[in-house]
Amino acid sequence: LTRRTTTTMLPTTRSQSRREEPRRQVTGERGRVFAAVILGFCVLSFIDTFHTLEPYSGRRSLLSSAYLATTSTLLPWAHHYLADVSDAPDPDGETALFWHIPKSGGTTAKRLYQCMGKTLAHRVGADPRFGHDQENEIVVFEPHEGKDWKVVNVDTTIKPGILRAKELGLVQSHTTDLIFTMEPAFAGEQLYDEDNKGRFLALFRHPVDRAASMFFYLQKATWEKTYRPEWADMTVMEWANLKNFESDYMVRKLVGKKFGDSVDEMDLIIAKELVRQRFIVGLMDEMVESIRRFNIVLGVDESSDRSQQCMEDFGLLAPEDVTPAISAVGEGSGEESKTHATDKKNSNKHPKFVQGDPEFDAIAARNPLDMVLYSYILQLFEDQKLIIDSYFLDAEDEEDETTIDEVANELALLPPGADVGTSRLPSE
């Protein structure tokens with residue numbers, strides 16, 4: 001006898017079919033929509049990568065056109081806690097933050113505002129030598145007698161110090177004129193709130209120049225925690241091809257990602273939007289003009305005797321006659337002049353590479369997102385001049401306000417990653 005196995009199918013009732021059919025339709029429809037969105041994003045990402053990630057291309061990112069009818073990609077903390085570039089500064093109500101990008105002029109900015117007597121937040125304030133690092137409240141003090149500059153007792157350059165500053169209510173205390181940090185995203189999210197907003201500033205430098213300067217500097221900077229003696233015997237090409245090479249530093253920091261985390265085109269878009277709407281942009285190669293803009297935002301009276309003396313000491317009064325101040329303190333320029341502000345320890349002479357040199361191309365290839373971001377920042381620097389100069393217009397200049405407001409509004413409403421041409425800016 002042959003045993004037969006019979007599978008019995010339970011009949012599906014008519015009511016069950018009626019309930020399941022709409023569910024299958026909805027599920028299928030959702031699946032098709034989701035697949036279409038993912039496919040569209042992948043296609044746009046591919047197009048944008050092909051065009052935008054060419055470091056030396058002047059083409060506008062095609063991906064930006066996908067955002068013409070969408071909301072901003074500005075990070076929530078930046079939207080709520082930071083002042084917009086188009087808003088006139090309020091030095092008494094805001095607390096400014098300077099993003100110190102290594103080897104990009106941040107040391108010059110710090111020493112300039114020390115010279116001007118501003119109260120700063122940076123690593124010096126938390127040095128145990130001064131005895132205020134364990135206080136349970138914000139303390140303003142002079143670290144060096146006779147120097148007439150002040151700091152607060154927290155180190156805002158690093159994450160643990162930022163958390164301590166948050167716990168002590170640094171921003172809410174309104175004791176600090178300028179916060180220095182190397183963690184802009186973390187500091188922005190942790191330190192500020194909707195009632196105590198921030199104003200972000202930064203000096204930017206070409207990614208290849210910055211990276212090369214850092215390479216040569218850390219070969220011999222025994223005083224730095226990041227000292228790299230093993231780099232001393234390397235060529236630039238060997239270093240640029242290291243497996244653990246630090247790439248796309250600026251984009252990574254702006255979106256709050258750690259070293260080793262991957263960054264992509266979406267991170268670039270977010271970084272662009274943050275810089276465009278929330279950063280007063282300065283350039284290391286345009287130090288005099290950059291500091292002039294920072295002074296406006298910070299409420300610095302450049303006509304005072306003290307400001308004039310500090311500006312003169314740092315070579316910031318006569319751009320046609322004075323070597324840019326960045327050379328004075330050795331932030332990494334290839335040819336440095338010696339002036340009153342020279343700091344030999346931070347001085348960093350090194351070869352300068354240009355596009356087409358193997359070294360330049362190798363470093364640029366490891367920083368594709370930063371290359372695109374820096375090109376965008378160059379445009380922003382040009383476009384922000386009119387906005388910053390319009391912050392405190394006199395009554396007789398009211399006729400210009402319409403044009404200025406239109407330009408500011410256009411910048412504010414541009415889609416993320418969009419080109420920011422200057423065709424509508426009035427000629428000077």
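This is a predicted model: local features need pLDDT of at least 70, side-chain atom pairs count only at pLDDT 80 or more; totals for chains, interfaces and linings use all residues.
1. Seven strands form an open sheet in the order 3-4-2-5-1-6-7, and the pairing is mixed. Strand 3 (140-141) and strand 7 stand at the edges with a single partner strand each, so one side of each has no neighbour in the sheet.

2. Pairing inside the sheet. Strand 1, residues 95-99, pairs with strand 5, residues 178-181, in the parallel sense over four bridges. In this pair, leucine 97 stands opposite isoleucine 179 of strand 5. Strand 6, residues 198-204, is paired with strand 7, also in the parallel sense, over five bridges. Here leucine 201 is the residue opposite isoleucine 280 of strand 7.

3. Which helices lie across strand 7? One of them is helix 11 (residues 287-298), which lies across strand 1, strand 5, strand 6 and strand 7 and runs at about 155° to strand 7. Another is helix 15 (residues 368-389), which lies across strand 6 and strand 7, at about 110° to strand 7.

4. A helix pair. Two packed helices are described by the angle between their axes and the distance between the axes. For helix 7 (residues 207-218) and helix 14 (residues 358-365), the angle is about 100° and the axes are 9 Å apart. Angles of 65 to 115 degrees count as roughly perpendicular, and helix 7 and helix 14 are therefore described as roughly perpendicular to each other. Helix 7 makes the contact with Val208, Ala211 and Ala212, and helix 14 makes it with Phe360, Ile363 and Ala364. By class, this contact has six nonpolar residues, no polar ones and no charged ones.

5. The nonpolar cores. The largest nonpolar core has 47 residues, of which Trp99, Phe204 and Phe279 touch the most other members. Helix 15 supplies the largest share of this core, eight residues. A second, separate core has 27 residues, including Ile280, Ile291, Val300 and Ile388.

6. Tryptophan 99. Leaving out residues up to four places away in sequence, tryptophan 99 touches a list of residues that includes Thr181, Met182, Pro184, Leu201, Phe204, Tyr249 and Phe279. Lys253 is also among them.

7. Two loop residues with positive phi. Most residues other than glycine have a negative phi. Lysine 103 is not a glycine, yet its phi is positive, about 60°. Lysine 103 sits in the loop between strand 1 and helix 3 (106-115). Aspartate 248, again not a glycine, has a positive phi of about 50°. Aspartate 248 belongs to the loop between helix 8 (236-240) and helix 9 (249-255). Are these two residues buried or exposed? Buried means under 20% relative accessible area; lysine 103, at 5%, is therefore buried, and aspartate 248, at 5% relative accessibility, counts as buried.

Conventions:
Residues are numbered from 1 along each chain as its sequence is written. Side-chain values use heavy atoms; hydrogens and water are left out. Two strands pair if DSSP finds at least two bridges between them. Contact means heavy atoms within 4.5 Å. Axes are lines fitted to C-alpha atoms, for helices over the stretch in contact, and angles run from 0 to 180 degrees between N-to-C directions. Angles under 35 degrees count as roughly parallel, over 145 as roughly antiparallel, 65 to 115 as roughly perpendicular and the rest as oblique. Ala, Val, Leu, Ile, Met, Phe, Trp, Tyr, Cys and Pro count as nonpolar, Asp, Glu, Lys and Arg as charged, and the others, Gly among them, as polar. A nonpolar core is a set of buried Ala, Val, Leu, Ile, Met, Phe, Trp, Tyr and Cys residues joined through side-chain atoms within 4.5 Å. Buried means under 20% relative accessible area, exposed over 50%, partly exposed in between (1.4 Å probe, protein chains only).
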